[in-house]
Amino acid sequence: MVKPGYKQTEIGIIPEDWSVTTIGLIADVKTGPFGSALHADDYVQDGTPIITVEHLGETGITRQNLPMVSDQDKRRLSSYTMREGDIVFSRVGSVDRNAYVTAEEDGWLFSGRILRLRAKREEISTKYLGYYFKAESTKERISSVAVGQTMASLNTKIMNAFKVVLPPIQEQENIAKVLSDLDNNISALEVQLIKKKAIKQGAMQELLTGKKRLPGFSGEWSNFNLMKHSKIKARIGWQGLKKSEYLDSGYALLVTGTDFADGKVQWDSCHYVTRDRYDQDRNIQIQNNDILITKDGSLGKAALVQGLSKPATLNSGIFVIRPLQNAYDPVFVYHILSSFVFKDFLDKLSAGSTIIHLYQKDVGKFEFLLPPTIEEQKAIAAVLSEMDADIAALEEKLAKYRQVKQGMMQQLLTGKIRLV
């Protein structure tokens, strides 16, 4: 039953004072240049950017790897120019991809695999339309009307007939303002996150190499071989697990390389194994502060075991590393393995070849500079761990803002929440 003040339409329930119209009545739709297609040989080093499908990002038009065209080609393709307020769509393939054209992209060109939508009525807020086409429900409808058996595609006929919901112009602008403010907050958090990560990278460059010492510490750093001072174990061949043994519940957690994220094990994503499989090898029964590195798949991805509250073991794609006789602080060495130090070692190891598996003998070649005392190692690890915590908190805040935005889009673009 439709509640008072709302009405049922062909594309859902909307407020009574909202309307449903087709794109063809409110905008011009233009396909990119077919016969005047440009090729890589036509691109220049300094010219006018021309966007392709891969430049249609989730938050707008991406600025990376932009091809440029000459002034002569720009004049020849002048009718395929974008201006602020246009919305550009992927014409083939990922037809749900689209982006709003900002002032920074005004005057750029669009390629033959792009459709351009340009509003032609003053009672249309282009920013509102930009958000409307970013809504998941709208993208699903676009995908559903695309044609083609082997590859989905759009054309001007399909887009002109595509139905959209229009609130009164003032409400369109109010909706766009709220969502734009959220986008500004998200962008500010993204910039802050980039800065914090850059600061951490700089700190790692100095603190993990001894170029900068923390106050109160002295003495020479020494070259240190990880394998000589560690117990390094993995599930051996005859202990291999079948996929059928990956359980949704059971006695012990089973950690795989796909359960690593940002240097932590995501316990909620882990499968389980039986008690027999857990008891099979004590060497890979992991504990807090163990260091894990992947030896298959994404080679050399490191994680530090923290927050473990139940039995856990490993699949065959991971090494577990523990210090022998307190030879080092495991948190410090985890930061080493997560840094450029270990990455540079892997790059040299694979020079001229493709490594598909990391062996113990490979790890045995890994050496790095180690501070002379456990206390200095712990102090450096504490500084970097605090930076990681700050970054993680910022990432969590950013994820919440993005979630809030998705929820607000769902509510505002359907009229469930009114801004009148």
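Biologist: What makes the crossing of H6 past H11 left-handed?

Modeller: The term applies if the near helix is turned anticlockwise from the far one by less than a right angle. In this predicted model, H6 passes H11 in that left-handed sense.

Biologist: What residue classes make up the contact of H6 with H11?

Modeller: The contact has 23 nonpolar, two polar and 11 charged residues.

Biologist: Where does H3 meet H6, and at what angle do the axes cross?

Modeller: The axes of helix H3 (residues 126–134) and H6 cross at roughly 65° and come within 8 Å. From H3, Lys127, Tyr128 and Tyr131 take part; on the H6 side they meet Gln172, Ile175, Ala176, Leu179, Ser180 and Asp183. By class, this contact of H3 with H6 has five nonpolar, two polar and two charged residues. H3 also passes H6 in a left-handed crossing.

Biologist: How do you know what to call the arrangement of H3 and H4?

Modeller: Their packing angle is about 70°, with the axes 5 Å apart. The range from 65 to 115 degrees counts as roughly perpendicular, so H3 is roughly perpendicular to H4. The H3 residues involved are Tyr132, Phe133 and Lys134, which meet Glu136, Thr138, Lys139, Arg141 and Ile142 in H4. Three nonpolar, one polar and four charged residues form the contact of H3 with H4.

Biologist: How do you know whether Asp86 is buried or exposed?

Modeller: The relative accessible area of Asp86 is 1%. With the limit for buried set at under 20%, Asp86 is therefore buried. Asp86 lies in the loop between helix H2 (71–76) and strand E9 (87–90).

Biologist: What does Asp86 touch, leaving out residues up to four places away in sequence?

Modeller: Asp86 touches Thr81, Ala99, Tyr100, Val101, Arg116, Leu117 and Arg118. Between Asp86 and Arg116 there are 6.7 Å in space, C-alpha to C-alpha, although these two residues are 30 residues apart in sequence.

Biologist: Gly112 sits in the loop between strand E11 (109–110) and strand E12 (114–119). What makes Gly112 buried or exposed?

Modeller: Gly112 has a relative accessible area of 16%. That value is set against the 20% limit, and Gly112 is therefore buried. Leaving aside neighbours within four places in sequence, Gly112 is in contact with Thr31, Gly32, Pro33, Phe34 and Arg91. The C-alpha atoms of Gly112 and Asn223 are separated by 57 Å, and the two residues are 111 residues apart along the chain.

Biologist: Where in the protein is confidence lowest, and where highest?

Modeller: Confidence is lowest in strand E17 (residues 260–261), where the mean is 88, and highest in helix H8 (residues 330–337), at 97. The protein averages a pLDDT of 92, and 99% of the residues score at least 70.

Key
Residues are numbered from 1 along each chain as its sequence is written. This is a predicted model: local features need pLDDT of at least 70, side-chain atom pairs count only at pLDDT 80 or more; totals for chains, interfaces and linings use all residues. Side-chain values use heavy atoms; hydrogens and water are left out. pLDDT is the predictor's confidence in each residue, from 0 to 100. Helices (H or I, at least four residues) and strands (E, at least two) are DSSP runs, numbered from the N terminus. Ala, Val, Leu, Ile, Met, Phe, Trp, Tyr, Cys and Pro count as nonpolar, Asp, Glu, Lys and Arg as charged, and the others, Gly among them, as polar. Buried means under 20% relative accessible area, exposed over 50%, partly exposed in between (1.4 Å probe, protein chains only). Contact means heavy atoms within 4.5 Å. Axes are lines fitted to C-alpha atoms, for helices over the stretch in contact, and angles run from 0 to 180 degrees between N-to-C directions. Angles under 35 degrees count as roughly parallel, over 145 as roughly antiparallel, 65 to 115 as roughly perpendicular and the rest as oblique.
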